[in-house]
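Please keep the model in view while reading the points below.

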Amino acid sequence: MPFPGGLWWLLCCRQGFTLLRRDYGEADREADGEAEEEEASFELRAQGDQGSLEVSLSQPMRSSSGSERSLLVAEEMRSLIVEKGPGPVEDDPDALVKGWLQREVRGGVKTPWIRPRKYWFVLTPDSLDYYSSNEKGARRLGSLVLTSLCSVLWPDKQTYKETGYWSVTVFGRKHCYRLYTEHLNEAVHWVCAVQKVIDSKVPVQTPTQLLMRDVEEHCGSPEVLEQIYRCNPILRYTSSPLYAPLLPFPYGSLDQSAPGPRSYTTLRDEAVKLFNSLQQLESERDPVPLMQGVLQTCLDLPPLVDEIYCQLVKQTTEPLAPGGQGDLHYWQLLTCMSCTFLPSPPVLRFLRFHLDRTESRFPTSEMAKYACFIREALGKTKGRECVPSLEEILVLMRRQEMICTVHCPGAPACSVAISSHTTAEEVARELVSRLGLSQSPNLFALYEQTRRREQPVGSATLLADVLTSLAGEEREQDPPCRLCFKHYGFLDTDNVPRDSLEFALLFEQAHEMVLRGYVPTSEETLQTLAALRLQSLNSDFSTHAPFPRLEELFPPHVLHARLPAPRHRPPTKCRGARLRAGLLAGGLWGQALAKQRAERDQRLRGRLREEGASTMAAIVEKWKLLQGMGRPEAMAAYVALVREWPGFGSMLFDVDLRASPVGAGSQRLWLGIGAKAVSLYKPGEPEPLDSFCYGRISSFGASDSSTFRLSVEDRDLLFETSQVDEIAQLLNTYLASAGARRLSRPQEPAASPPAPAAPCQGLCPTAGPWQHQPPVGSFHS
């Protein structure tokens, strides 16, 4: 009968399948599959014939010829291909470390009723194997080949708190072993042993790396080079997806975390995803956002920079339509990469060869123009802190320069053409020359000016990074963020000509200090200064003259100081009273309290408007008394009034003076850094609490990121501040200027040789405050 025969055939097949599983096991098939995956992950290169320059396959897949396999890879795969004999596991002579471990957490803190399941693990010089037991003839359940690309994670406390076990994680190409033990010493011992085996392995090289070396060795033989490119499709354009990176990356989750809200997978997976993104560029109408995303990924994951360079070189080599829209998109992204990241020396040499080859093959094409631009950019690129903005990417796609607008107080804004490599020092030098400030003894710098802060831009800082950061803040703030050109160090304010542009800069900077409350004086003087400001802006009083807002003439904090301080009720100590207050606040009483607060705020605003109106009326009356005073005279009178304060010319920093290194008490002060001394002021007080000439200061520096130390004779002053770098940089600036003046004095006679090169006159020093100056400096009298 057909049915019993068919049933008998099914039972025989099932029994045979069970026997096969018993002989080889599922874990063995997994290991064999892993060996195939390891072999398929690289395109292999012939080692026996030195004259052969072919790589067998264009995309990662298993090689069909044994002679084409790498000896190194074959040695690494041997432990997966060759079955071990049935001898006792404990007698394995290749075993480095062996012991009982768990492959998954069972039992422990959360589920103590589940019995842990352990396996016998053996670490050999080639692999990490685990068996069902340590007895003779035990079945091997799995094996993980260890290569130079494997990685191992150290045990962490968080896993121990959650499970009660210390974890050891070993990453392979497709699988990872998460092992657990109850003892920390045992986990550390396993981690160290596995890492030692990984470190002993010869670094794995991909076919792309081997071919890059071949291209470099035969760059003088055009026939050989053409044969290399013809026989190795991995070097040429492809429309197919990429299944493995062109360069080697470690397995696992090491170095894959990036700052910010972005999340990434492993480096190998990100490299493959980026290639898919590159292929999308060919059909994108607006490729700028996609280009910026690729650049941002490279900034977050620096190991991918070389990979993207190699992928772009591959896609721009012998494309289907040279010079077409898709091909030019690749070249435009390569242009942006060259202005943002610098590749490693091997990749840089390969990239330069690719640029030369493109220019020689297409001398008058757009590709050749991009290649020339990229070569010049690579000679200037030093690394960026931000990815190019959308506007900068558009400019780079056209191989043009950006226009940077720099605001000069008291003068029209200046437009300066910059590239992605222009530094703040170069722009400041050009503005000093353009504005005729080369002969000024004072120092100048560019400032980032936002609504909440103002800080000098370091001379070595790339201006493109500054513009990118300001563009990000500009969308969130009103008024917009901007770049300003101002005084940085006041070495001589007495001999500035009144009719010069520098005096206008000095006047505007003095007015900013007044508005910020950094000129302690009487309210009557502040009203006079506001009247002089109006006279300098609008000349004589007129009802038709434009009136600036009061906060642009008078310090706002003076008006707020007139308002009564809000009353604060003492906190309720009784728990029951707090509970009743909380319940009432959520009901009708809460609405009544909110109404009272709104009415109080409205009364305060009304009171502030009244105070502002009375202050403006007083300012206008003083303005009328200045009838006939010209603009230069008004500016000179303004600066003369501000100069009456002894601290004029010093840059003030808000600091907290700590009473002792370990004391909790602190005192709020102003730290004034001037050309001749360092002074301490109580906020609002015109006279300094103490002043130290530079001869009394023995050293200074940053104790940590928020503590500045100033050593004066036999005592150390510790200041808590968020401007540690700015303070140290300004002190270094005055120290360098004082040293340059001392060197120039004895060499004034004509017969003497020229003085040594001093810091560039009129510029902020070359090493800006953001360039991590040495933490400690010293002055010598």
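The numbered points that follow treat a sheet and its helices, a hairpin, the aromatic contacts and the salt bridges.

1. The model is predicted. This should be kept in mind for each of the points below.

2. The description may begin with an open sheet of 5 strands, whose order is E9-E8-E12-E10-E11 and whose pairing is mixed. Its edges are strand E9 (411–418) and strand E11 (454–456), each of which pairs on one side only. From one strand to the next, the twist averages 40°.

3. Helix H14 (residues 424–434) lies across strand E8 (402–408), E9, E10 and strand E12 (482–489), and H14 runs at about 135° to E9.

4. Helix H16 also takes part in a contact with another helix. Glutamate 508 forms a salt bridge with arginine 533, with 3.2 Å between the closest N and O atoms. Glutamate 508 belongs to helix H16 and arginine 533 to helix H17, so this pair ties together parts that are 25 residues apart in sequence. Are the two partners buried or exposed? Glutamate 508 counts as buried, at 13% relative accessibility, and arginine 533 counts as buried at 10%.

5. A further antiparallel pairing involves strand E17 (residues 697–704) and strand E18 (residues 707–712), which are joined by 6 bridges. E17 and E18 form a hairpin, with 2 residues between them. Phenylalanine 700 has leucine 710 of E18 as its bridge partner.

6. The count of aromatic pairs comes to 13. One of them is formed by phenylalanine 121 and tyrosine 130, which are stacked, at 5.2 Å centre to centre and with 25° between the planes. Phenylalanine 121 and tyrosine 130 are both buried. They also belong to one aromatic cluster, formed by Tyr119, Phe121, Tyr130 and Tyr177.

7. Phenylalanine 547 and tryptophan 623 form an edge-to-face aromatic pair, with 5.6 Å from centre to centre and 80° between the planes. Which parts of the chain does this pair tie together? Phenylalanine 547 lies in the loop between helix H17 (523–538) and helix H18 (556–562), whereas tryptophan 623 lies in helix H20 (residues 588–624), so the pair ties together parts that are 76 residues apart in sequence.

8. The charged end of lysine 624 sits over the ring of phenylalanine 541, 4.9 Å from the ring's centre. Arginine 399 lies over the face of tyrosine 370, with 4.5 Å to the ring centre.

9. How many salt bridges does the structure hold? The structure holds 31 salt bridges. Among them is the one between glutamate 318 and arginine 236, whose closest N and O atoms are 3.8 Å apart. Glutamate 318 lies in the loop between helix H9 (304–315) and helix H10 (325–338), and arginine 236 in the loop between helix H6 (222–231) and helix H7 (267–280), so the pair ties together parts that are 82 residues apart in sequence. Glutamate 318 counts as partly exposed, at 33% relative accessibility.

10. Glutamate 318 also forms a salt bridge with arginine 357, with 3.4 Å between the closest N and O atoms. This pair links distant parts of the chain, 39 residues apart: arginine 357 is in helix H11 (residues 345–361) and glutamate 318 in the loop between H9 and H10. Arginine 357 is buried, with a relative accessible area of 11%. Salt bridges that share partners join Glu226, Arg236, Glu318, Arg357 and Arg361 into one network.

Note on methods:
Residues numbered from 1 in each chain as written. Predicted model: local features only at pLDDT ≥ 70, side-chain atom pairs only at ≥ 80, totals over all residues. Heavy atoms only, no water. Pairing = 2+ DSSP bridges. Helix = DSSP H or I, 4+ residues; strand = E, 2+ residues; numbered from the N terminus. Axes fitted to C-alpha atoms, helices over the stretch in contact; angles between N-to-C directions. Contact = heavy atoms within 4.5 Å. Phe/Tyr/Trp six-rings, centres within 6.5 Å; stacked < 30°, edge-to-face > 60°. Buried < 20%, exposed > 50% of the residue type's maximum accessible area, 1.4 Å probe, protein only. Lys NZ or Arg CZ within 6 Å of the ring centre and 35° of its normal. Salt bridge = Lys/Arg side-chain N within 4 Å of Asp/Glu carboxyl O.
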